[in-house]
Amino acid sequence: MNEPVPAPEPDLSRASPMMAQYLSIKAQHADCLLFYRMGDFYELFFDDAVDAARALDITLTKRGQHAGAEIPMCGVPVHAADGYLARLIRAGHKVAVAEQIEDPATAKKRGGKSVVERGVVRVVTPGTLTEETLLDARSHNYLASLARAEGRLGLAWVDISTGDLAATALDAAALGAELARLGPSELILPDGLLAGELAETLAELRDRLTPMPGARFDLQSGEKRLKAFYGVATLDAFGGFGRPEVAALGALVDYLELTQKGRLPALKPPTRIAQGAIMAIDPATRRSLELTETLSGDRQGSLFAAIDRTLTGAGARLLAERLSSPLTDPGAIDARLDAIAWFCAETGRREAARRLLATMPDFARALSRLSVGRGGPRDLAGIRDGLAAAGQLRLALEAEDLPQAIAAAIAGLGRHEALVDHLTRALADELPLLARDGSFIAAGYRPELDEFRVWRDESRRAVAALQARYADETGVPGLKIRHNNVLGYYIEITPRHADRMGQGFIHRQTMANAMRYTTVELGELEAKISQAGDRALALELDLFAELVAEVLAQAAAIGEAAAAAAAIDVAAGLADLALEQNWCRPRVDGGVGFLIRGGRHPVVEQMLRRNSGPAFVANDCDLTGAQRLWLLTGPNMAGKSTFLRQNALIAILAQAGSFVPAEEARIGVVDRLFSRVGAADDLARGRSTFMVEMVETAAILNQATARSLVILDEIGRGTATFDGLSIAWATVEHLHEANRCRALFATHYHELTALAGRLSDLANRTMRIKEWKGEVIFLHEVAAGAADRSYGIQVAKLAGLPPAVVRRAEAVLRELEKTGQSGAVSRLIDDLPLFAALSRTAAVEPAAPEPSAVDRLLAETNADDLTPRAALDLVYRLKALAAETR
């Protein structure tokens with residue numbers, strides 16, 4: 001969202017007071033749709049109404065005129081606004097919400113045509129959502145900020161639904177990988193950064209960018225905002241943040257103030273992410289490996305879905321964060337692995353912890369909603385129940401000789417018995433969604449409130465008694481005392497009993513099938529009820545504010561408890577997974593080795609089990625020392641791509657701090673992971689499939705280091721054979737000689753296997769197959785050696801190519817193999833007319849030919865009845881018939 005620069009001053013001279021107010025507010029938020037509160041609806045007018053009606057598929061109506069033209073209008077009910085907001089945000093809109101900020105009674109006192117004052121209380125953008133109904137409980141919702149200072153970039157990000165805040169400084173070349181890791185819902189940045197060297201990287205997020213004036217990213221202003229927000233004189237206590245990071249963090253806080261209208265969320269102290277602390281994974285690699293979602297955008301089928309055994313929303317978010325951000329510090333990785341190993345060994349404690357975690361609400365997000373004034377009584381109950389479960393969790397896990405990560409998590413759970421007890425005493429059993437609905441404070445908590453409720457309830461019983469007395473006095477048994485928001489309490493009868501209503505009954509309203517009255521006594525009783533109800537609600541709202549203030553005073557400790565519970569959830573869930581799937585603990589060190597024994601693909605293996613398919617075939621991978629680059633050949637469908645991907649996923653899982661699907665895994669820390677697997681184009685930027693492949697390959701060759709892991713699949717396949725072979729050849733040489741990284745290179749260019757004799761650290765590997773009666777059986781096993789064929793025609797046959805096409809392909813292949821490419825081309829061209837004729841008749845399976853005379857004679861002959869003489873005669877007749885048909 002751009003800073004709300006006022007639009008050209010609207011013409012208010014002929015507008016009604018209400019419309020003049022609307023236009024004035026809209027002018028201050030010209031880049032947003034304006035939800036204008038009118039009673040129980042949010043109304044939209046003019047172009048906003050047209051855009052919203054189209055996006056929401058709701059009716060577009062009209063309301064009066066302005067400047068001689070009818071005013072388009074549409075609206076959504078307040079009680080259902082969250083659902084409409086979600087659809088508008090997904091459609092790319094930002095929404096300013098204007099509420100009444102004045103008591104209607106005050107407006108009435110002004111007299112004339114005064115309207116109740118309204119103002120924007122919040123601007124809803126993709127990165128500033130907090131409502132439970134608008135968020136995915138198992139995913140972070142990041143708002144990010146990008147700034148430049150002293151020639152470097154600063155990137156900061158926050159999830160305001162949990163208060164997590166972090167920042168890093170980086171170079172332009174690393175920005176794409178970092179943005180792909182975070183996947184922000186919204187990125188604010190100076191408008192001057194949209195052009196130049198960052199343009200192509202930012203194009204990946206073109207629908208999520210919010211350009212703002214460069215002044216919003218001023219370093220000095222940002223530092224002041226941060227100090228004021230955290231109430232500190234210096235930022236040194238938060239870590240060594242550089243100028244680019246401070247500028248980005250300051251702009252982020254400024255944007256929150258701008259959109260939240262002063263109600264800032266409870267943010268944790270910012271965390272600094274040092275460059276190189278996280279395995280770099282570029283956007284193309286993340287897509288091809290399907291870490292948190294598949295290529296189609298679904299979570300099911302991703303690595304995250306395969307390993308997620310968490311029981312809380314916070315745990316799922318932490319797991320996704322770790323999977324997206326594998327560590328490069330062996331010590332930190334081991335601390336996570338120690339926690340999983342402990343839970344594997346402590347079955348009773350693991351099961352007890354998971355039972356408690358299953359009852360734990362998402363109290364981190366409840367805390368955030370309360371901090372921005374959008375929480376309700378149920379959020380207070382969420383804090384109470386979450387902290388109560390955290391206390392039980394601490395007791396269940398306390399033991400001697402705990403791993404560092406478990407001990408730290410138990411300490412983080414803290415002790416919150418006093419707050420839990422207070423909230424338990426204060427809150428009723430049944431709670432409304434909104435505080436304004438009342439009846440959420442428990443009976444007995446505040447005697448004064450109980451007294452107001454008694455007055456209110458006694459008055460309501462008095463209404464029932466009054467109804468019975470009036471029915472008896474008038475002789476109208478169907479007389480009812482009812483209530484609505486317009487008339488208040490009233491007496492209702494059918495019109496045929498109107499003559500029975502004597503003096504004292506004051507007529508209020510006549511309807512088609514009812515007449516309504518009141519009395520002085522009923523009016524007095526209504527005033528008592530209203531007064532008691534208003535006092536009870538006012539007191540409840542005051543008590544709610546007190547409870548919220550008490551919770552927010554302990555926000556840091558509550559946030560720490562939520563984070564600790566999430567860490568326990570992740571460790572216990574991964575331990576469950578490891579035991580269930582027979583995964584092993586990896587050894588991650590500072591070397592450059594890579595040894596996997598019996599490795600499996602975590603997603604494919606689970607899919608096979610789920611569908612009762614064959615067992616997954618495990619394979620070894622050893623990229624250590626003199627075989628750090630494997631050249632993998634073999635047929636299509638033999639499992640080359642699966643093998644490549646599974647080793648990349650094992651590296652990610654290990655450095656994320658998880659056990660891995662293998663019998664043994666020893667991995668030297670991978671600083672960067674690159675994957676060029678699969679084919680895709682980028683038509684939006686005018687890139688063919690081959691061009692995309694070359695761009696991604698160029699990024700790998702320019703950025704991979706000796707500590708990187710590279711997987712490349714069929715480089716060069718998208719162009720002419722010799723061109724592709726040449727590119728693949730040069731790529732292998734560069735990886736071996738210049739990058740000197742660990743790499744798996746799958747290819748159908750069998751000529752490349754000759755490089756093993758010249759490149760010392762290159763080893764040939766192939767996917768084993770078996771031929772049986774002309775068919776190919778895929779064994780999915782990796783073995784030493786090289787393939788001499790790709791068996792592409794056999795795979796094409798399995799795919800269902802027409803038999804004529806398969807036969808012709810086999811003939812062409814034989815000719816090419818016999819005479820070579822140059823000599824075969826002219827001979828093949830000469831064969832084309834014959835092939836064309838064959839293909840026309842083979843477009844469908846040909847009908848069976850008419851039987852020949854020989855066929856008919858044989859069909860009529862019973863061999864068992866033939867004498868030797870008759871058999872000899874039959875042979876002569878067959879020879880004669882055959883001669884006639886030549």
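When I say contact today, I mean heavy atoms within 4.5 Å. Keep that in mind for later, and keep in mind too that this is a predicted model.

OK, overall picture. We have one protein chain with 886 residues, and 48% of them count as buried. By secondary structure, the chain has 28 helices and 27 strands. Now, a compact globule of 886 residues would come out with a radius of gyration near 29 Å, but this chain has 37 Å. Along the principal axes, the C-alpha trace spans about 135 × 75 × 65 Å.

On to contacts. If you take those between residues at least 6 apart in sequence, 67% join residues at least 24 apart.

For charges, I get 100 positive and 114 negative side chains, and the centres of the two sets sit 1 Å apart.

Now the inside. The largest nonpolar core has 118 residues, and the ones touching the most other members are Ile-307, Phe-343, Leu-380, Ile-383, Leu-393, Val-551 and Leu-673. Helix H20, residues 555-581, gives this core its largest share, 15 residues. There's also another core lying apart from that one, with 27 residues, including Leu-143, Ile-188, Leu-226 and Leu-256.

Let's zoom in on Phe-343. Which residues is Phe-343 in contact with, leaving aside neighbours within four places in sequence? There's Arg-349, Arg-350 and Ala-353, then Leu-397 and Ile-406, and finally Ile-568, Ala-571, Ala-572 and Ala-575.

How values were computed. Residues are numbered from 1 along each chain as its sequence is written. This is a predicted model: local features need pLDDT of at least 70, side-chain atom pairs count only at pLDDT 80 or more; totals for chains, interfaces and linings use all residues. Side-chain values use heavy atoms; hydrogens and water are left out. Helices (H or I, at least four residues) and strands (E, at least two) are DSSP runs, numbered from the N terminus. The radius of gyration is taken over C-alpha atoms; the globule rule is 2.2 Å times the number of residues to the power 0.38. Buried means under 20% relative accessible area, exposed over 50%, partly exposed in between (1.4 Å probe, protein chains only). Lys and Arg count as positive and Asp and Glu as negative; His and the chain ends are not counted. The place of a charge is taken as NZ of Lys, CZ of Arg, CG of Asp or CD of Glu. A nonpolar core is a set of buried Ala, Val, Leu, Ile, Met, Phe, Trp, Tyr and Cys residues joined through side-chain atoms within 4.5 Å.
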